[in-house]
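Open the structure in your viewer and keep the selection tool at hand. The stops below go from the sheet to its strands and then to the helices.

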Amino acid sequence: MSMEKQKRLVDRLLTMTLTGQLGWKAAERDKTFEVSFEAGRLSVGAVSPSHLSIPDYEISLYKADRTEVETFTDSDLYEDERASGPNAWRKKMHDLHEYARRTALGAEEILNSILNEIEASNVVRLGPGGEQPPK
């Protein structure tokens, strides 16, 4: 089975996540994040096969009633191409998982708020060595 649609899905999800168009939420399963669409929902998670220390990244598709209809991993996409060299799909799905996690947990908003607060305050800025800059 060709996995061209799954590859397109990963590319679009990554682009939409990076541009803030998707509202990822933490899922019940550890290290898994989900987003809902009209047709159903999907999740991205990091799964570790027991014999490997490096996780696979897995996307699962669900109907509106939460019935799982398909699951695929970065390894599935890699095998579909039978490519030699680095696994580009692993990198893309790793990035998607990481950005979904940051979105779901609100890391960007907190980081932006803290930076804005620090930059707007009259806090004395220290130089690279921890010393106060000359006046």
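Begin with the sheet: five strands form an open sheet in the order β1-β2-β3-β4-β5, with antiparallel pairing. Strands here are DSSP runs of E with at least two residues, helices are runs of H or I with at least four residues, and both are numbered from the N terminus. Two strands count as paired if DSSP finds at least two bridges between them. Select β1 (25-26) and β5 (68-73) at the edges; each has a single partner strand, so one side of each is left without a neighbour in the sheet.

This is a predicted model, in which local features need pLDDT of at least 70, side-chain atom pairs count only at pLDDT 80 or more, and totals for chains, interfaces and linings use all residues. Residues are numbered from 1 along each chain as its sequence is written, and side-chain values use heavy atoms, with hydrogens and water left out.

Next, select residues 40-47, strand β3. Seven of the eight residues in β3 are buried (under 20% relative accessible area with a 1.4 Å probe, protein chains only). On one side, β3 pairs with β2 (residues 32-37) in the antiparallel sense over six bridges. The two form a hairpin with two residues between them; Phe37 has Gly40 as its bridge partner. Seven antiparallel bridges join β3 to β4 (residues 56-62), and there Val44 is the bridge partner of Ile59. Which residue in β3 does Phe33 stand opposite? Select Val44.

Finally, show helix α3 (residues 88-105), which lies across β1, β2, β3, β4 and β5 and runs at about 65° to β4. Angles run from 0 to 180 degrees between N-to-C directions, with axes fitted to C-alpha atoms, for helices over the stretch in contact (heavy atoms within 4.5 Å).

Conventions: Buried means under 20% relative accessible area, exposed over 50%, partly exposed in between (1.4 Å probe, protein chains only).
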